Amino acid sequence: GMDGLEIAQNIRKMDNIRHIPIIALTAHGGEESRQRCIEAGMDAVLTKPLTLSCATDIIESFIPERHSSVKPIPKARVDLPD
């Protein structure tokens with residue numbers, strides 16, 4: 001299997017696709033880890049624990065047209081921290 005860095009690199013090598021936002025989610029919040037993700041072709045790096053506010057902000061910044069049509073589903077948020 002490949003890790004997230006390898007997958008991001010392979011996606012970025014594909015010339016025939018439009019730019020797909022790649023956002024890393026990691027427990028390693030250090031600058032070195034963040035830099036490796038960016039160098040692999042990722043657009044942003046989020047660290048755990050992921051909050052609903054942070055998830056919403058990242059969706060709005062990378063996929064604004066999708067966010068405006070998304071309706072919240074209360075039961076889908078059960079596992080997210082307040």
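So, the accessible surface of this chain comes to about 6400 Å², and 55% of that belongs to carbon and sulfur atoms; the areas come from the Shrake-Rupley method with a 1.4 Å probe, and for residues only the protein chains shown count as cover. Keep in mind that this is a predicted model, where local features need pLDDT of at least 70, side-chain atom pairs count only at pLDDT 80 or more, and totals for chains, interfaces and linings use all residues. Residues are numbered from 1 along each chain as its sequence is written, and side-chain values use heavy atoms, with hydrogens and water left out.

Of the 82 residues, 17% count as buried, where buried means under 20% relative accessible area, exposed over 50%, and partly exposed in between, with a 1.4 Å probe and protein chains only.

Now the layout. We've got four helices and two strands, in the order α-β-α-β-α-α. Those are DSSP runs numbered from the N terminus: helices are H or I with at least four residues, strands are E with at least two.

How do the strands S1 and S2 run? They are parallel, with four bridges joining S1 to S2, residues 44-47; two strands pair if DSSP finds at least two bridges between them. Leu25, for one, has Leu46 as its bridge partner in S2. To get from S1 to S2 the chain goes through helix H2, residues 31-39, in a right-handed β-α-β crossover. Right-handed here means that, with the strands pointing away from the viewer, the path from the first strand over the helix to the second runs clockwise.

S1 itself, residues 23-26, has Ala24 and Thr26 on its covered face, with Ile23 and Leu25 on the uncovered one. Thr26 is buried, at 11% relative accessible area. Its side chain reaches the backbone nitrogen of His28 at 3.0 Å, a polar contact (N or O atoms within 3.5 Å, one able to donate a hydrogen and the other to accept it within protein; residues adjacent in sequence count only if both atoms are side-chain atoms).

Ala24 belongs to the largest nonpolar core, together with Leu5, Ala8, Ile22, Cys37, Ala40 and Met42. Such a core is a set of buried Ala, Val, Leu, Ile, Met, Phe, Trp, Tyr and Cys residues joined through side-chain atoms within 4.5 Å. In soluble globular proteins, nonpolar side chains tend to be buried together.

Last stop: Arg12, in helix H1, residues 4-13. Buried or partly exposed? Arg12 counts as partly exposed, because its relative accessibility is 26%. Arg12 and Ala40 sit 28 residues apart in sequence, yet 8.4 Å apart in space, C-alpha to C-alpha.
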